[in-house]
Amino acid sequence: MARSLTILAIVIAVATARLTKSESPKEILAQVNKDSFGNSILSVLQLQLATGGPVGEIQILLNNIASQLNGDQKKADKVHESDTVAFEKIIADLEQEIAYHQSQIVSLSNLRDSTTEALGEAEVEVRVVTSDIANNEKSFADESATRQSQHETWVRKDAEHVDQMDAIDEASKIVQHLQAGVAFAQLKSRFEKVQAKLMESKHALFKPLINALTQLASKVDNKSIIKILELLAQIRQQLVASRASLLATEERQAANWEVQSSHLQEEHKRLVERKAFLENSIVQFKVTIQEAVEDLEDQTLFLEDAEDSLAIQQRWAAEQEAQYEAQTFEREQQLEVVERLQEVLTQKLSAASEFLQVREEVF
């Protein structure tokens, strides 16, 4: 056990010295001897040689140490390889996670921007549609009032025509009675009523008739009666035609209004539905934008966490790599020392003995 400790101590001491393969055994041992601990070890080795301890036993111990160093290096290589694989897997996963979050951020940013643009367009259009609805309702109200006025005018004029035709018919009956020999005095009251009604109308069509009836009231003759009856027939025919024309106009205007009102109502329905759709879209756009903003914040935090984790893993891997390389270098140096010490103890044992003898004389 003591010998094992001695050899191990020598290795440690020699490992602390900066050696080169070009140095002689004496130079190697001289460098070891400069270290205080190495000086003590060489003293032990000197005693070992002085007492006649077998060199082969020392060589066996050095071989064991070299085997142990090689075994430790193989284990370290395995651990390093395993750690490297695990690290690469972790890095790949983190890079994939980072790429995913970056992709999500781009998609969410595009969604937020495009939806914001759509929201602006919808808000502009809903204002336009609202104005169109107001214009449509005003047009409907104006056109409806116009149509109502047209209808009321027709009702009034049609009633006037009926009254005028009734007056013409009454005048025809009176004139026919006069033609039949009825005394004017008996028809005077009816005559004056008809005459007054015709005069109230102030229609140019009745002016010749009124003049003729006035003359007839002062002088009744058959020629005047015939002329008046012909005039009455003509006026009535004109009134019938005029009434028919008014009715045709009323029917045409009613049909036009039916088409126009239907169009306005359909347009109003379309505009109201469009406005409702736009208002609902605006609500949905705002919800989508809010959700996109919140998701963007979450994805940004996830990305930062993933990037931090990647940086930590990379630092850890760099530290592990540096530690592995340092330990590997240290083992290589220790193996080199063991090999050189074996060389000193075997091939150049005489040089070592000579150095130790000189050392003894000096110290």
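This briefing covers the fold, the cores, the largest pocket and selected residues of the structure above.

The model is predicted, so local features need pLDDT of at least 70 and side-chain atom pairs count only at pLDDT 80 or more, while totals for chains, interfaces and linings use all residues. Residues are numbered from 1 along each chain as its sequence is written, and side-chain values use heavy atoms, with hydrogens and water left out. The protein has 8 helices and 0 strands. Helices are DSSP runs of H or I with at least four residues, strands are E runs of at least two, and both are numbered from the N terminus.

**Overall fold**

- The elements run α-α-α-α-α-α-α-α from the N terminus on.
- Of the 363 residues in the protein, 31% are buried. Buried means under 20% relative accessible area, exposed means over 50%, and partly exposed lies in between, using a 1.4 Å probe and protein chains only.
- Take the contacts in the protein with a separation of 6 or more: 83% of them join residues 24 or more positions apart. Contact here means heavy atoms within 4.5 Å.

**Nonpolar cores**

- The largest nonpolar core holds 21 residues. Such a core is a set of buried Ala, Val, Leu, Ile, Met, Phe, Trp, Tyr and Cys residues joined through side-chain atoms within 4.5 Å.
- Ile-168, Val-175, Leu-198, Leu-209, Leu-213, Ile-228 and Leu-232 touch the most other members of this core.
- Two or more residues of this core come from each of α4 (55–179), α5 (184–201), α6 (207–218) and α7 (222–346).
- The top contributor to this core is α4, with 7 residues.
- Leu-213 touches Val-175, Phe-191, Gln-195, Leu-198 and Ile-228, leaving out residues up to four places away in sequence.
- Another core lies apart from the largest one. This other core has 11 residues, including Ile-91, Leu-94, Ala-306 and Ala-317.

**Largest pocket**

- Helices α4 and α7 each supply at least two lining residues.
- The lining has 6 nonpolar, 5 polar and 3 charged residues. Ala, Val, Leu, Ile, Met, Phe, Trp, Tyr, Cys and Pro count as nonpolar, Asp, Glu, Lys and Arg as charged, and the others, Gly among them, as polar.

**Annotated coiled-coil region**

- An unreviewed UniProt entry annotates residues 247–281 as "coiled-coil region". UniProt positions follow the numbering used here, feature names are shortened, and annotations may be inferred rather than shown by experiment.
- In the model, residues 247–281 are 100% helix and 0% strand. The end C-alpha atoms of this span lie 50 Å apart.
- Gln-265 lies in helix α7. Gln-265 is partly exposed, at 47% relative accessible area.
- Gln-265 and Phe-140 are 125 residues apart in sequence, yet 8.1 Å apart in space, C-alpha to C-alpha.

**Buried residues**

- His-101 lies in helix α4 and is buried, because its relative accessible area is 6%. Beyond neighbours within four places in sequence, His-101 contacts Gln-299, Phe-302, Leu-303 and Ala-306.
- Gln-73 also belongs to helix α4. Gln-73 counts as buried at 12% relative accessibility. Gln-73 touches Tyr-324, Gln-327, Thr-328 and Arg-331, not counting residues up to four places away.
- Val-338 sits in helix α7 and counts as buried at 0% relative accessibility. Val-338 and Ile-65 are 273 residues apart along the chain, with their C-alpha atoms separated by 7.8 Å.

**Partly exposed residues**

- Gln-284 is in helix α7, partly exposed at 42% relative accessibility. Gln-284 and Thr-115 are 169 residues apart in sequence and 9.6 Å apart in space, C-alpha to C-alpha.
- Gln-238 is in helix α7, partly exposed at 43% relative accessibility. Gln-238 and Met-165 are 73 residues apart in sequence and 9.9 Å apart in space, C-alpha to C-alpha.
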